[in-house]
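Hi everyone, thanks for coming.

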Amino acid sequence: MAQKDYRPMWKELGLNLEGHDQLLNVLGQAYKDIYMKQENRPKGMQYLDFVISEAHGLRIEELMETKKKGNKVVGTFCVYVPEELILAVGGSCVGLCAGAEIGIDEAEKVLPRNTCALIKSFMGFKLAGLCPYIQASDLVVGETTCDGKKKAYEILNDYKETYVMEIPQMKTERDRALWRGEIIQFKEKVEELTGRKITAENLKEGIKIANDKRRALQRLSALRKAIPPPISGLDALLVNQIAFYDDPLRFTKAVNDLCDELEERVRNGIGVTKNGTPRILVSGSPMAVPNWKIPFIIETSGAIVVAEESCVGERSTRDLVDESGKTLDEMIDALVDRYFKIDCACFTPNQDRLDHIVDLVKAFKADGVIHYSIQFCTPYTVEAYKVEKTLQQKGIPLLKIETDYGMEDVGQLKTRIEAFLEMVRG
Ligand code: BJ8
């Protein structure tokens, strides 16, 4: 996928060059087959095509350049990590590779086979030496969300220093106090890592950068409410995925430019589907690059994905940090409140998520919901029962899917999804 010869840089980062070449070949081909074959794509997607083609090249080179200037790179796996604190001191926050089956043999040497694919993937990427982002990171931040992740971080820490934030499991005042303490401790960790103090001035700037990015993504999301939608679900998912590792200022501008184009499309009634195409909300586990399996099947079966109730989607972009705080303390509180609204299935009870799914169905005029859980992901697989019950009460059609990153079940999933779409069409 990469345009120039980045092998010297990859070598310096300690990547397994042979395996990495294979990975790029597989990814490049998958991207061509899944993305480049779509019709009527907005021109603004060319920027995203470029970013993905340089995800392991130019972007890594940029990170290495910024490190030379004394800035730090922090790698994360969860939208609970407050990137504002990293941005405040000139750092870069990047999502780490966790969306491909590659490296699975290595991962299964240290993890049980029946572990969720996302966890096996990040472990595999590290152990097989295939993720340039983790190699470039000065610190990896984990979190105590699900059991699989928190135990896997103990193992990952043997290979790369992994700082773990404790995420409460409930949302009482006591939990909020715990979470506030965690954010303050993380602030101190970032200060220690960078040797720079987080102040009201630089945190204000960090909050603005992260909020502007979310505002651009919210704008993109709102445009998908149009009938017909001006952008495919696959393309919108890609934008949300790239949000986790591109330079935030450049990315925000590119997304706003894309939205200008989409607004024009909506004004002229131009969309990517014909009228009457079933509109689907995908809900559940996050889809990290290059996990495009489910939206690809949905959109090549005659439907369109209009929104993702997921961390790579609405769950991470819905809420902004209140920007009215003047003191550092007020800003920390604003961060605490914003992140505490994230309704991951790791929380109990988690009524907010159920309400949000129903709200999204209404707002996006979705004809049905496809609930996606990564196989062996207990939080989302178990919570699917509550989602089903809630949607049944509202008369909203639902299909529950559990799958991993493998391609063996694509035919079977396609059959199920097509049958569901038939039912939705009525
Ligand atoms: S806030 S969804 S990004 S934890 S799929 S590893 S939950 S077993 S990814 Fe997540 Fe943060 Fe929650 Fe969002 Fe565990 Fe499930 Fe695997 Fe998961």
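Let me start with a question: which residues are exposed on the other side of α19? They are Gln412, Thr415 and Glu422, where exposed means over 50% relative accessible area, buried under 20%, and partly exposed in between, using a 1.4 Å probe and protein chains only.

Before I go on, a word on what you are seeing. This is a predicted model, in which local features need pLDDT of at least 70 and side-chain atom pairs count only at pLDDT 80 or more, while totals for chains, interfaces and linings use all residues. Residues are numbered from 1 along each chain as its sequence is written, and side-chain values use heavy atoms, leaving out hydrogens and water.

Back to α19, then. This helix covers residues 410–425; helices here are DSSP runs of H or I with at least four residues, strands are runs of E with at least two, and both are numbered from the N terminus. From first C-alpha to last, α19 reaches 22 Å, close to the 22 Å expected at 1.5 Å a residue, the expected span being 1.5 Å times one less than the number of residues. Its buried residues are Leu413, Ile417, Phe420, Leu421 and Val424. Seen down the helix axis, they fall within an arc of 100°, so they line one face of α19; the arc is taken from the directions from the axis to the C-beta atoms. These buried residues pack against β5, α14, β7 and β8, with contact meaning heavy atoms within 4.5 Å. Just after the helix, Gly426 takes a positive phi of about 80°.

Now, some loops. Phe376 has a positive phi near 75° although this residue is not a glycine, and Phe376 sits in the loop between β7 and α18. Asn40 is another non-glycine with a positive phi, about 60°, in the loop between α2 and α3. Asn40 is partly exposed, at 41% relative accessible area.

What kind of peptide bond joins Ile227 and Pro228? A cis one, with omega about -5°, and Pro228 lies in the loop between α11 and α12. Thr348 and Pro349 are also joined by a cis peptide bond, with omega about -15°. Pro349 is in the loop between α16 and α17.
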